[in-house]
Every structure is written in C-alpha cells, then in structure tokens.
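Subject: Structure handover

Hello,

Here is the structure I promised to pass on. Please open it next to this message.

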Amino acid sequence: MPVHIVNHPLITHKISVIRDKRLGTRDFRTIVSEITLLLTYEATRDFPLKEVEIETPVCTTRARVLPDEGRVFLIPILRAGLGMVPGMLDIFPLGKVAHIGLRRNERTALPETYYYNLPEGIEGATAIIVDPMLATAGSLSAAISLVKKNRPRVIRAICLIAAPEGRERIERDHPDVDVYVAAMDERLDERKYIVPGLGDAGDRMFGT
C-alpha cells in the first residue's frame, strides 16, 4: 500500500491544533515543522545502515550508521512545501534541498510547472518529496514523474493531510512510491479543497 497513514497520538494531536482557523501564522509554521519531523521518522524507518568502527570515550566498538547521509535530497513542492523543510533538516542536516514549483490551475485543477531545480548528484540517491496537502494528487504525481527522470535510488513522499481522491490517484500513478500522511480526510469539495482539511496551507504558512 503506497499511502501510509501514520497513527500516533502526538501527530493526531498536532494535526488537530493546526486545523483550528484561529491558530496564528507563527504557531502554524512551528507545528507543521514538528509534524514533518515526526512523519520523517516513520518514512525513514527502513533506511539501510552500514557497520563502521568508532572510538568511544571508553573503547573501540562497531556501530551502525547511515551509509551516505549527505545524499538525501529534500524536495519541497513550492510554495507550501517549504514550510516542511525545517523539520526535515533537523533530522538530515547534511541533506540537500531541491525545489519544484507547481501551481494548481484554479480553472482546471491541473498542475502547472513554473520552477524546477534539482542539484547534481541525485542519481542513485534518496529523494523525499514534501507537500502539505494530498488533494487531487496532481502536483505530487507530476513532481514524482519529474524526479524519476533523474533516477534516484528511492523516492518517498510526506504529506500532512490527504483526501481519498488523492490517495487513489497516487496509488494508480506511482504504485512504487511510498507516501506517508498524518491524516486521511473525508473528501474534496467543489473547489478541490480537502474537507475538513485546514484551508490553504501556503496562505496559512506565509500569512498571505
């Protein structure tokens, strides 16, 4: 099942907090970053480790580490995905940040690419795409297709809230990509917004 709902009391509580329309921009940003950090733990649970020899203050020992922490590419879908990057950098401080700009055409609800910048070195690396809302999944599906052209070793995606329509789309378009979300909501409304959702994540993130 490519879309995984991460059921954890801390995540559920924090999602409830950011749904409240009275929450201010600063607190919204902070909590989104916290939720992303928690989701990243789950999304990276099966990452491979290698054994190395290290010297502790007491003795020499064998330890297990990520083989190539610097080859993790964090890819926010602009603009709302930018608010999820700080939480991921707390876990992957050596990670590289790429950017994909996709805007939804409000008339057709289809994604349009306006910016695309992936640094060199992504081939054979780990790519984690982040976008707060998995609504129609048009943007995420398009972003995954773009990233696949660069042949990373693995692609994961992290979203805050999903709709059933988005889940069906992403599982149909990219059954090989695991997506981790904090909550599965009821449906999309006539404007293709998630219900009950949390409104426009980008507007709430940046106070616009």
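Below is what I found, from the overall fold down to single residues.

The model is predicted: local features need pLDDT of at least 70 and side-chain atom pairs count only at pLDDT 80 or more, while totals for chains, interfaces and linings use all residues. Residues are numbered from 1 along each chain as its sequence is written, and side-chain values use heavy atoms, with hydrogens and water left out.

**Overall**

The protein chain has six helices and 13 strands. These are DSSP runs, numbered from the N terminus: helices are H or I with at least four residues, strands are E with at least two. The radius of gyration is 18 Å, close to the 17 Å that the globule rule gives for 208 residues, so the chain is as compact as a globular protein of that length. That radius is taken over C-alpha atoms, and the rule is 2.2 Å times the number of residues to the power 0.38. Along the principal axes, the C-alpha atoms fill a box of roughly 60 × 35 × 30 Å.

Buried residues make up 47% of the 208. Buried means under 20% relative accessible area, exposed over 50%, and partly exposed in between (1.4 Å probe, protein chains only). Of the contacts (heavy atoms within 4.5 Å) with a separation of 6 or more, 66% are between residues 24 or more positions apart.

**Cores and helix H2**

The largest nonpolar core has 34 residues. Such a core is a set of buried Ala, Val, Leu, Ile, Met, Phe, Trp, Tyr and Cys residues joined through side-chain atoms within 4.5 Å. Ile15, Ile18, Ile35, Ile128 and Leu160 have the most contacts inside it. At least two residues each come from helix H1 (9-19), helix H2 (25-43), strand E4 (72-78), E8, strand E10 (154-162), E11 and helix H6 (201-206). H2 gives the largest share, seven residues. Another core, of 27 residues, lies apart from this one; Cys159, Val177, Val179 and Val181 are among its members.

Leu160 is worth a look. Beyond four places in sequence, its contacts include Ile15, Ile18, Val32, Ile35 and Leu39. Met84 and Val181 are also among them.

H2 has 19 residues and should span 27 Å at 1.5 Å a residue; its end C-alpha atoms are 26 Å apart, which agrees. The expected span is 1.5 Å times one less than the number of residues. Buried residues of H2 include Phe28, Ile31, Val32, Ile35 and Leu39. The buried residues of H2 pack against H1, helix H3 (85-91), E10, E11 and H6.

Strand E2 (residues 50-55) and strand E3 (residues 60-65) run antiparallel, joined by six bridges. Strands pair if DSSP finds at least two bridges between them. Glu51 stands opposite Arg64 in E3.

**Loop residues**

His174 sits in the loop between helix H5 (164-173) and strand E11 (178-184). Is His174 buried or exposed? At 4% relative accessibility, His174 counts as buried. Its side chain makes a polar contact of 2.9 Å with the side chain of Lys148. A polar contact is a pair of N or O atoms within 3.5 Å; within protein, one must be able to donate a hydrogen and the other to accept it, and residues adjacent in sequence count only if both atoms are side-chain atoms. A polar side-chain atom of His174 also lies 3.0 Å from the backbone oxygen of Ser141.

Glu123 is in the loop between strand E7 (111-117) and strand E8 (126-130). Glu123 is partly exposed, at 48%. A polar contact of 3.4 Å joins its side chain to that of Arg151. Arg151 lies in the loop between helix H4 (138-148) and E10, and is exposed at 54%.

**Backbone points to check**

- Arg151 has a positive phi of about 55° although it is not a glycine.
- Lys192, also not a glycine, has a positive phi of about 70°.
- Leu78 and Arg79 are joined by a cis peptide bond, with omega about 5°.
- Val195 and Pro196 are joined by a cis peptide bond, with omega about 0°.

Regards
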